[in-house]
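Subject: Structure handover

Hi,

Here is the structure I promised to pass on. Please open it first, then read my notes below.

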Amino acid sequence: MFDLIEPALFAILTIGSIAAGAGVVLANRITTSALLMAFTFLNVAGMFVLLGAETVAMFQVLIYVGAITVLILYGVMFTPQSPRPYGLFFQTQKYWAALFVVPIAIFVALTAFSFADPAVMGEKGGDLVPLATSIFGDFAFAFEVASVLLLAAMVGAIVLVKRDEE
Amino acid sequence: MPVGPFGLDPAIWAPLRLVIAVLLVIGLVFNGALAQIYLERKIQAIIQDRVGPLHTGPWGLLQTFADAIKLLGKEDIRARLTDKWFFLAAPSIVFSPMVASYVVIPFAPGIVGVDLSVGLLYLTTLGSMTVLGIVIAGWASNNKYSLIGGLRSAGQLISYEVPQILSLITVVLVVGTLSMVGIAESQPGWQMHVFVLPLAFVTYFIAGLAETNRNPFDLPEAESELVAGFLTEYSGMRWAIFFLAEYGEITVVSAIVTTLWFGAWHGPFVEVFPLLGVLWFTLKAYFFVLVFMWIRATLPRLRIDQLMSLCWKVLIPLTLANILITSILLLAFPTTLVPVAIANWILLAGFVLALPYFQRRRLATLRERLRTATA
Amino acid sequence: MAVPLGAFIAVSAVLFFIGAAGVLVRRNAVVILMCVELMLNATNLALVAFSRRYASIDERGSVFVVFIFVVAAAEVAVGLAIILSLYRNRPTVDVDEIKQMRG
C-alpha cells in the first residue's frame with residue numbers, strides 16, 4: 001500500500017499545479033492570479049521533491065515564492081487599474097489562442113509518454129553533491145557571469161524607476 | 001516501513017506517528033508562546049525595575065491564560081478591505097512556515113522530525129516565505145499606514161536574509177554538511193563552534209533579531225510607530241496568530257543558533273541518557289530567547305534608514321569578508337581549525353571596537369553640521 | 001512503483017502551453033509577466049525530470065535550472081521596473097493601449 005504514496009502525491013500535485021496555472025490565466029482579478037501563481041510554484045517545488053531534487057526544490061521556493069511573488073505583488077499594488085470584470089469574455093483573440101495552443105499541447109503531452117525510464121535509475125541520494133560539484137567545477141565561469149547579470153539587473157531596475165526630479 | 005511500539009502494524013503506526021508529531025509540534029509552539037509571553041513581561045519588568053504581572057495566579061503565572069481568553073473574546077472587526085481573502089489568509093501564510101521549521105530541528109540524538117540533507121537550506125527557505133504574508137497583510141488592510149508598515153517590514157526582512165544566509169554559510173564551510181543533525185553531531189563535548197566562528201554567531205544573531213521583527217528592529221510593528229504598522233487592522237485572534245508566529249520564529253532562531261554554534265544537545269551525561277539531550281537543547285535555546293528579551297528591554301529602536309544602512313553597509317561586507325577569510329584559511333590549513341578561529345576572533349574584536357570609533361566620527365560630523373547650520 | 005518520466009514531461013508540457021495561452025490572451029502586462037514565469041517553471045520541471053532520471057551523476061539539467069532561476073529573477077525585476085515606468089507615463093498597463101513607442 002505504501003507503494004501508492006508516490007503516484008498519489010504526483011496526482012495531487014499535478015491537479016494542483018495545472019488547476020492553479022489555469023486559474024492564473026482565467027482569473028478576473030489580478031490579485032487572485034498572483035496568489036494562484038505562488039501556489040503553482042509551490043506545487044512545482046513539490047514535484048521537484050518527488051523527483052528527489054531537494055536542493056532545486058528549496059531554491060524554487062526561496063526564489064520564486066519568496067522573492068518573485070513579492071515583486072509581482074509590488075507590481076500589482078503599484079499599477080492599480082479600474083477592474084474590468086469578465087474582460088476575458090470579450091477578448092477576441094482567445095479563439096485563435098485556443099486553436100494554436102490546444103492541439104500542440106495535446107500532441108506534446110501524448111508523445112511525452114514515449115520517453116522511457118532509464119534501465120538503471122540513479123540512487124535516491126539527493127542532488128546536493130552532484131549539483132554543487134557541477135556548478136562550482138565545470139560551470140564556475142557561468143556562475144560568475146550570472147552574478148554579473150544579477151548586478152546589472154539590480155542597477156538597471158533601480159535606474160529605471162528613479163524619478164527624474166531628483 | 002517502521003513497526004510501531006508494542007509491535008503495532010506499520011499501516012497504523014505511520015499515520016499515527018504523523019498525527020502525534022503534529023500534535024507535539026503544535027503543543028510545543030503554543031506552550032512555548034505562553035511561556036515566552038509570561039517571561040517577556042516578567043523580564044522586561046525586572047529590568048525596568050518594576051514587578052510585572054502579579055495578581056493573576058501565583059506570581060502572575062496565569063496572566064497569559066487571561067490574555068488568551070481576552071483575545072478570543074474580542075470582536076472581529078472587519079473594515080472595508082482591499083481584498084477579503086488576502087486579509088484572512090495573511091496570518092496563516094506567516095504562521096505556517098514557522099510551524100514547518102520544527103521538522104528539521106534536532107532536539108536529541110535520534111529525536112528529529114526528518115534528517116533532511118538540506119536542513120539548513122530548508123530553514124532559510126521557510127524564513128523567506130513570511131515576507132509574502134506580511135506584504136499581503138499590509139496591502140489587504142486598505143490603510144495607508146498598514147501599507148507603508150508592510151512594505152517597510154518586507155524590505156527589512158528581505159535585506160536581512162542576506163547576512164543571515166551568509167553567516168550560515170560560514171558554519172557550513174567549517175562543518176561540510178547542510179544537514180542539521182550532521183552539524184549538531186560535529187560538536188562533541190566542549191568543541192562548540194562558537195569558539196571557532198564567533199563573528200558568524202554575532203552577525204547571525206543580529207540578522208535574526210531583524211528577521212523576527214524584534215527590538216531594536218521592530219519599527220514595522222511597534223505600537224508607537226505608524227499605529228502598529230501592518231498589524232493595525234488585525235484584532236483579537238488574528239493578531240494573536242501573528243504574535244504566536246513571532247514568538248515561534250524567535251524560538252526557531254534560538255534553536256538554529258543553539259544547533260549551529262553551541263552544540264545542540266551536547267551536555268553532561270547525554271551519551272548515557274540520549275533523552276537528556278532534550279533538556280540541554282531546551283535550556284540552551286531558552287537562554288537565547290531570554291537574550292532576545294533582554295535586548296528588547298534594553299536597546300532603543302533603530303530608524304528605518306539606520307536599519308537598512310546597518311544591513312547593507314556593515315553586515316553584508318562583514319559577512320562576505322568572513323566567508324572569504326574563512327575559506328582561504330580552510331584551504332591553506334586543511335587539517336586544523338585554529339587559524340580560522342584566530343582570524344574570526346580578530347575580526348570580531350575589530351567589529352566591536354571599530355563601531356564606537358565610527359560613531360564618534362559621525363557624531364563629530366553631525367555636531368559640525370549643526371553648528372554651521374545654526375550659526 | 002515510481003512515476004514514469006513521461007508523466008512529468010506531460011505535466012510540464014501542459015503547464016507550458018497554459019502559460020503560452022495566457023501570454024497570448026491576457027492584456028494586463030503584469031499578468032503576462034506571471035504567465036511567462038509559468039512557462040519558465042514548466043521548463044524547469046522538464047529539465048529537472050530529465051536530469052534526475054538520465055544524468056544524476058553530474059546533474060547537468062539541474063545546473064541549467066539554477067541558472068534559469070537567476071535569469072528569471074533578473075527578468076522579473078527589470079520587467080516590473082519597465083512596467084512601472086510605463087505606468088508613470090500614462091496610467092495604464094494594458095498592452096492593447098500601449099501601441100506607440102513615442103508619446
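Contact here means heavy atoms within 4.5 Å. By that cut-off, chain B and chain C do not touch. Their nearest C-alpha atoms are 14 Å apart. Two pairs of chains are in contact, and chains A and C share the most contacts. Keep in mind that this is a predicted model.

Chain C

Start with chain C. It has 3 helices and 0 strands. Along the sequence the pattern reads α-α-α. Is chain C more spread out than a compact globule, or less? It is more spread out, because its radius of gyration is 17 Å, well over the 13 Å that the globule rule gives for 103 residues. Along the principal axes, its C-alpha atoms fill a box of roughly 60 × 25 × 20 Å.

Buried residues make up 61% of the 103 residues in chain C. Its accessible surface is about 4000 Å². Carbon and sulfur atoms account for 68% of that surface. Now take the contacts in chain C between residues at least 6 apart in sequence: 58% of them join residues at least 24 apart. On charge, chain C carries 9 positive and 7 negative side chains. The centres of these two sets lie 4 Å apart.

Look next at helix α1 of chain C, residues 5-25. Its 21 residues reach 31 Å from the first C-alpha to the last. That is close to the 30 Å expected at 1.5 Å a residue. Of those 21 residues, 17 are buried, so α1(C) is largely enclosed by the rest of the structure.

E59(C) is buried, with a relative accessible area of 0%.

Chain B

Chain B has 11 helices and 0 strands. How does its radius of gyration agree with that of a compact globule? A compact globule of 375 residues would have a value near 21 Å, and chain B has 22 Å, which agrees. The box filled by its C-alpha atoms is roughly 85 × 60 × 40 Å along the principal axes.

In chain B, 48% of the 375 residues are buried. The accessible surface comes to about 18400 Å², and 71% of it belongs to carbon and sulfur atoms. Among contacts between residues at least 6 apart in sequence, 75% join residues at least 24 apart. Chain B has 24 positive and 21 negative charges, with mean positions 10 Å apart.

Two residues in chain B deserve a look. Is D49(B) buried or exposed? D49(B) counts as exposed, at 72% relative accessibility; the cut-off for that word is over 50%. D49(B) lies in the loop between α1 (10-47) and α2 (63-72). Its phi is near 65°, again positive in a residue other than glycine.

Then find Q187(B), in the loop between α6 (180-185) and α7 (198-211). Q187(B) is buried, with a relative accessible area of 0%. Which residues does Q187(B) touch, not counting those up to four places away in sequence? They are M192(B), H193(B), T259(B), L260(B), W261(B), F262(B), G263(B) and H266(B). Q48(B) is 139 residues from Q187(B) along the chain, and their C-alpha atoms are separated by 37 Å.

Best wishes

Conventions: Residues are numbered from 1 along each chain as its sequence is written. Chains are lettered from A and ligands numbered from 1 in the order in which they are written. This is a predicted model: local features need pLDDT of at least 70, side-chain atom pairs count only at pLDDT 80 or more; totals for chains, interfaces and linings use all residues. Side-chain values use heavy atoms; hydrogens and water are left out. Helices (H or I, at least four residues) and strands (E, at least two) are DSSP runs, numbered from the N terminus. The radius of gyration is taken over C-alpha atoms; the globule rule is 2.2 Å times the number of residues to the power 0.38. Buried means under 20% relative accessible area, exposed over 50%, partly exposed in between (1.4 Å probe, protein chains only). Accessible areas come from the Shrake-Rupley method with a 1.4 Å probe; for residues, only the protein chains shown count as cover. Lys and Arg count as positive and Asp and Glu as negative; His and the chain ends are not counted. The place of a charge is taken as NZ of Lys, CZ of Arg, CG of Asp or CD of Glu. The expected span of a helix is 1.5 Å times one less than its number of residues.
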